[in-house]
Amino acid sequence: MMTSVDTDLMRVLADPLRLRIVTLLAQETLCSTHLIEETGAKQTNLSNHLRVLREAGVLETEPCGRYTYYKLRPDVIASLAGQFADLAESARRAGDNKRACP
């Protein structure tokens, strides 16, 4: 069964812009300038979303001069994917289990 931490992570990734950021970072490590260009988001909006993703443990940062690069933590995504796979397997095993109505 999913824990509240996993539910929090799902909420973090449910935002369309944050999901777009994660999708972009799955392809390559990018700085905020790149992410602004790719998403069309305003700097302050993007920074807020990056903060949420960092606090959720989804991203790592790497300072490089006056820029900060962002890198996806694949282990966090893999863990969430594994929990969904476990949930799907549970549903398969449940098959035709049906609780009788009172």
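Which residues touch the most other members of the largest nonpolar core? The legends below take up this point and then turn to other parts of the predicted model.

**View 1. The largest nonpolar core of the predicted model.** Among the 20 residues in this core, those that touch the most other members are Ile21, Leu25, Leu35, Leu50, Leu53, Val58 and Leu59. At least two core residues are supplied by each of helix H1 (4-14), helix H2 (16-25), helix H4 (43-55), strand E3 and helix H5 (74-94), and H2 gives the most, with 5 residues.

**View 2. The surroundings of isoleucine 21, one of the core residues named above.** When neighbours within four places in sequence are left aside, isoleucine 21 is in contact with Leu35, Thr39, Leu46, His49, Leu50 and Leu53. Of these partners, Leu35, Leu50 and Leu53 are listed together with Ile21 among the residues that touch the most other core members.

**View 3. The open sheet of 3 strands.** The strands are arranged in the order E1-E3-E2 with antiparallel pairing, and E1 and E2 are the edge strands, each of which pairs on one side only. Strand E1 (residues 30-31) is joined to strand E3 (residues 67-72) by 2 bridges, whereas 6 bridges join strand E2 (residues 59-64) to E3. Tyrosine 70 in E3 stands opposite leucine 30 and also opposite threonine 61.

**View 4. The hairpin of E2 and E3, with helix H4 across the two strands.** The hairpin has 2 residues between its strands, and glycine 65 adopts a positive phi near 65°. H4 lies across both E2 and E3, and runs at about 120° to E2.

View 5. Not counting residues up to four places away in sequence, serine 32 touches Gln43, Leu46, Leu50, Thr68 and Tyr70. Two of these partners, Leu46 and Leu50, are also in contact with isoleucine 21, and Tyr70 is the E3 residue that stands opposite leucine 30.

**View 6. Helix H5 and the glycine that follows.** Just after H5, glycine 95 takes a positive phi of about 45°.

Notes
Residues are numbered from 1 along each chain as its sequence is written. This is a predicted model: local features need pLDDT of at least 70, side-chain atom pairs count only at pLDDT 80 or more; totals for chains, interfaces and linings use all residues. Side-chain values use heavy atoms; hydrogens and water are left out. Two strands pair if DSSP finds at least two bridges between them. Helices (H or I, at least four residues) and strands (E, at least two) are DSSP runs, numbered from the N terminus. A nonpolar core is a set of buried Ala, Val, Leu, Ile, Met, Phe, Trp, Tyr and Cys residues joined through side-chain atoms within 4.5 Å. Buried means under 20% relative accessible area, exposed over 50%, partly exposed in between (1.4 Å probe, protein chains only). Contact means heavy atoms within 4.5 Å. Axes are lines fitted to C-alpha atoms, for helices over the stretch in contact, and angles run from 0 to 180 degrees between N-to-C directions.
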